[in-house]
Amino acid sequence: MGVSIETYRLRIGSHNNFVQARQSMNQMKGKFWNHMLVMFYLEIFYLPCLKNLVTKIESNNEVCMWYTQMVSYHVYVPLLLRLANDVEEKPGPINIYDIVDHSFTVRADFNQGNISMFGINAGKQCVAMSIYAIVYNEIKSVYIWDTPLMNMLLVNANNLYAIISQHIQKDFLLLTDVPEILSINNDTFNLECSDSFSGALWMENNNEPYVTLEHAFHEVFDAGNYKARLLTIQANTVAVLIPFPDVFKVFDSHSRDMHGMPAAMGYSVLVSIEGIQNLTRFFHNS
């Protein structure tokens, strides 16, 4: 019995639908198990690891926060309080303009290195000029010194240098060469000297037998109650006088500016400084 073309097409179409349906079912089963495998991996491995990682990160953040708070409390806050209280344990370099008010400085018209004034003596007389300044302060207070007096003092001190230098046969005088008796304007003065102090300019602590500059100042002016001292730094000697408590006058016969700092075309000067600490800083800067 023959099969019509319509029946054949119907049967073929039904079979094709069956094949496609079975393939679809197989694909769905594959995807289903794939999804199940992914879910299993996420549930068993990935999510617990992720949770553990997040917990650690949160814990670390909390530790960091507490550490930051501890550092702020124990380090930053004390530093901030110290800054607020202006506590400076080791001050850095100080501006010389904060130490010396040039309006109180008295200068000569020249300095000890003036060859036209002092000839072969020029540049060698700082010890004699410093001791002369100390003694002359007993005749006329440094508070009323002026330029003409400074000029006169340098000329007379140069004459004193010439006498001492010729007597001891040396060009450069030492502090031990200072005479014990000095006569100026028919007045005779006996010089009483303390023990000498030695040390490095930038020493921070005493290291016997050497002392700091500030310690030496305290020993001379406070403990020793002396009115003046000779200070030699390298080969330069200056006179430091204290006309009033905690007020100092520094006489420097070398070439200086109005703040007492070295200058190529400067003058001999008398500068005013308040306080031993500022006095020490002045010599650190000069």
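# Cores, sheet and salt bridges in a predicted model

Visitor: Which residues does leucine 153 touch, not counting residues up to four places away in sequence?

Guide: In this predicted model, leucine 153 is found in helix α4, and its relative accessible area of 0% means that leucine 153 is buried. Not counting residues up to four places away in sequence, the residues that leucine 153 touches are Met129, Tyr132, Ala133, Tyr136, Trp145 and Phe251.

Visitor: How many residues apart in sequence are leucine 153 and methionine 129, and what is their C-alpha to C-alpha separation in space?

Guide: Methionine 129 is among the residues that leucine 153 touches. The two are 24 residues apart in sequence, while in space their C-alpha atoms are separated by 7.7 Å.

Visitor: Which residues of the largest nonpolar core touch the most other members?

Guide: In soluble globular proteins, nonpolar side chains tend to be buried together. Here the largest nonpolar core has 36 residues, and α3, α4, β2, β4 and β5 each supply at least two residues of this core. The members that touch the most others are Trp145, Leu153 and Phe251.

Visitor: Which element gives the largest share of this core?

Guide: Among the elements that each supply at least two residues of the core are α3 and α4. The largest share amounts to 10 residues, and the element that it comes from is α3.

Visitor: Why can α3 be called largely enclosed by the rest of the structure?

Guide: The buried residues of α3 include Cys126, Met129, Ser130 and Tyr136, where buried stands for a relative accessible area under 20%. Helix α3 is largely enclosed by the rest of the structure because the number of its residues that are buried is 11 of the 11.

Visitor: How many residues are in the other core, the one that includes Phe217 and Ile276?

Guide: This other core lies apart from the largest one, and Phe221 and Phe248 are also among its residues. Its number of residues is 21.

Visitor: Which residue in β7 stands opposite valine 106?

Guide: Strand β1 is joined by two bridges to β7, residues 267-274, and the two strands run antiparallel. Opposite valine 106, the residue that stands in β7 is leucine 270.

Visitor: How far apart are the closest N and O atoms of aspartate 109 and arginine 107?

Guide: The count of salt bridges comes to four, and one of them joins aspartate 109 to arginine 107. Aspartate 109 counts as partly exposed at 46% relative accessibility, and arginine 107 is also partly exposed, with a relative accessible area of 26%. The closest N and O atoms of this pair are apart by 3.7 Å.

Visitor: How many residues apart are lysine 124 and aspartate 171, and where in the chain do they lie?

Guide: Lysine 124 forms a salt bridge with aspartate 171, with the closest N and O atoms 4.0 Å apart. Lysine 124 counts as partly exposed at 21% relative accessibility, and aspartate 171 counts as partly exposed at 44%. The pair links distant parts of the chain, since lysine 124 lies in the loop between α2 and α3, whereas aspartate 171 lies in the loop between α4 and β2, and the separation is 47 residues.

Visitor: Is aspartate 177 buried or exposed?

Guide: Aspartate 177 forms a salt bridge with lysine 170, the closest N and O atoms being 2.9 Å apart. Lysine 170 is partly exposed, with a relative accessible area of 31%. For aspartate 177 the relative accessibility is 19%, which means that aspartate 177 counts as buried.

How values were computed
Residues numbered from 1 in each chain as written. Predicted model: local features only at pLDDT ≥ 70, side-chain atom pairs only at ≥ 80, totals over all residues. Heavy atoms only, no water. Pairing = 2+ DSSP bridges. Helix = DSSP H or I, 4+ residues; strand = E, 2+ residues; numbered from the N terminus. Salt bridge = Lys/Arg side-chain N within 4 Å of Asp/Glu carboxyl O. Buried < 20%, exposed > 50% of the residue type's maximum accessible area, 1.4 Å probe, protein only. Core = buried A, V, L, I, M, F, W, Y, C linked by side-chain atoms within 4.5 Å. Contact = heavy atoms within 4.5 Å.
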